[in-house]
Amino acid sequence: MPSFWQDSNRLVLGTITLLLVLLLSTIILVPLFQILRQSFFDTAHHFIFLHNFIDYLSQTKSLRLIQNSLFVSIVSTLIVVPIAFWFAYALMRSCMPLKPLFRYASFMPLLAPSLLPAISFVYLFGHQGFLKPWMGGSTIYGAWGIIFGECFYVFPHILMIFLSALSLSDARLYEAAQSMGANSVRKFFTITLPTLKYALVSAILVSFTLVITDFGVPKVIGGDFPVLATEIYKHVIGQQNFSLGATVGVLLLIPSVITFLVDSLVQRKQKAVLGSKFVLYTSKKAPIFDAMMFAFALFVATLLLIILGVSFFASFVKFWPYDLSLVLKHYDFDSMDGGGWNSYFNSLTLAFWSALLGTILVFITAYVVERGKIFSFLRSFLKLLALLPMAVPGLVLGLGYIFFFNHPSNPLNGIYQTMGILVVCTVAHFFTTSYITATTTIKQIDDEFEDVAESMGVACYATFFKVIVPIATPSILQIARYFFVNAMTTVSAVVFLYSPSTTLASVAVLNMDDAGDISAAAAMATLIVVTSLSVTLLFNALSHFIFKQSQQWRKSR
C-alpha cells in the first residue's frame, strides 16, 4: 500500500481537507470567538470578564427588553405554528384542488426581505393606513405589529418542517387503525400527532429563534417597543458601543444554540422512527374535509398575497392613501436617500458571487466530508463547522465580522467594507442549509463509483467532475438558487458590514424607511421580490430541463 505522500488521491483529498478547515474556521469560528472575547472587555479594552453581563442584566431596561423579546417570540410562535401545521395538513392529507398554487403562494414570503411585511402593515393599519379604523384606539406600531409581521416572515420556514414530517407518514399504521374500526379523529390523535411530535418541537424552537433574532420587522414597525435584536443595532450603529453590542449578541446567541442542540437531538430520534418496510401514505377523497381544508388554505394564501400585494400596489401609488393614481416616481431611487439604483445592482453582484462561490465551497465541503476517506477527525470537525451557522443569528455573525476583519493586525483587513466581505459573510450565514442539501444528494450516489475509479487508477478529481457533479447537477442548481435568493433578501448579516459604495437593496429598504420614504422602500422591496421570483422560476425551469436530459441519458444506457 503506497504511503500518504505516494498516493496522489489521498494527497489531494488531504490537502483540500486542510484548506477547507482553515477557510471555514476563518469565516465562521474565529468571528464567533471574537464576539465572545469582546463581551469580556470594556470600551477601553480592559478585561472585565462577566461584568458586562452582570451590569446589563441588572438594569431594569434590559429586563424589559428581554421580556419584550420573549413576549413577541412566544405569541408569534403560538399563532404561526398551528396555522402552518393545518396548512401543511391541507396540502398533504386532503384532496383539495389547486394544491400547486397554494404551495407557491405559501412560499412567497421567502422571496421578500423581512422588512416587507412590516411596511405592508404600516400601509394597512399605520397612521395613514387604509384599515386604520379597524384598530379602534390602538396602534399597529409596537408588539402586535411585530407579531403580525413575524408570523408572515416565519410561516414558510415552519411550513417546510411540517411538510417534510407529513411526507414521512407510514400508511400501514392507518390501515391497521382502519381495520380496528378507528374513526378519523381517533387516528389523528393516536397516529398523526404522536408521529409529528418531533417536528412539532422543531417547529416551535425554530419559530421562537427566528422571531427573537429577527431585526427587520421590529426595526420598521416596533415603535416604542424595543427588543434585543434592535438593541444590538442601536448600540453598534447608534452609539458605537461595541462591547455592549457584543454582550447583547452573546445573549441573543443563547436561544439559537439551545435550539440547534435540541433540534439535532430531535432529528436523530426522528430517523429512528422510520423503518425499512415504510409505505407512503396517500390521501383519499373526503368531500366535507377537503372543502374545509380548501377554505382554510384559501384564507391563509389570500392573506399572504394581500400582504405582499399591498406593498406592490403602494409602490406605484402617487400618495397613499389620498391619491391612488399610478406613477413610477417611487422607483426613481437615485433621487432618494438609501443607496439609489446602485444598491440594487450591488445586491445582484452579491447574489451572483454568493451563488457561485457558495455553491462551489458547499459542494466540495460536503464531498470531502462524505467521501474523503482520510483525516476522519478533521472531517468531523469540518462537519461541525458546516452545521454551526444554523445556530448563529445574522446580527451576531455580522458583529463578529466587524471584530475580526476590522482589526488592523488582521492580514485579511483589506476586504473590510468591500463587496468581498459581504459575499463571505453571506456564504457563511447560509452555509448550513445548502450543506445539508449537498450531503443528502451525495449520500444517494453509490460510493462504488469512487472505488472502481480508484482501482483503475483514475484521479479523484476526475471522478468528481465527470461522475459526481453531472449526477448532482439539479441539486447544485437548487443550492445556487438558495444562495442567490437569500443574498437578495438578507438584512441582518450585512447591516453592519456595508460601506457607502456597497449599499445593498435590502439595506436601502431599511434606510429609505428610516428617512420616511416608505413608498420608495416598498418599491425597492417589490423589486427584490420580483427579482427573486424571476430567478427562482429560471432555476426551476433549468433544473426541470436538466433533469429531463438526465432521465433520457439513463434510458439510452
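This is a predicted model: local features need pLDDT of at least 70, side-chain atom pairs count only at pLDDT 80 or more; totals for chains, interfaces and linings use all residues.
Local features need pLDDT of at least 70 and side-chain atom pairs count only at pLDDT 80 or more, while totals for chains, interfaces and linings use all residues. Residues are numbered from 1 along each chain as its sequence is written, and side-chain values use heavy atoms, with hydrogens and water left out.

**View 1. Trp86 meets Tyr89 edge-to-face.** Rings of Phe, Tyr and Trp (its six-membered ring) pair up if their centres lie within 6.5 Å; planes under 30 degrees apart are stacked, over 60 edge-to-face, and the rest tilted. By that rule there are 41 aromatic pairs. In this one the ring centres sit 5.4 Å apart with the planes at 70°, so we call it edge-to-face. Both residues belong to helix H3 (residues 60-93), three residues apart, or about one turn of the helix. Helices here are DSSP runs (H or I, at least four residues), numbered from the N terminus. Trp86 is partly exposed at 33% relative accessible area, whereas Tyr89 is buried at 10%. Buried means under 20%, exposed over 50%, and partly exposed in between (1.4 Å probe, protein chains only).

**View 2. Tyr401 and Phe405 make a tilted pair.** Centre to centre, the rings of Tyr401 and Phe405 are 5.0 Å apart, with 40° between the planes. The two sit four residues apart in helix H16 (residues 394-405), so about one helical turn separates them. Tyr401 is buried, at 0% relative accessibility, and Phe405 is buried too, at 1%.

**View 3. Trp86 and Tyr89 again, now as part of an aromatic cluster.**
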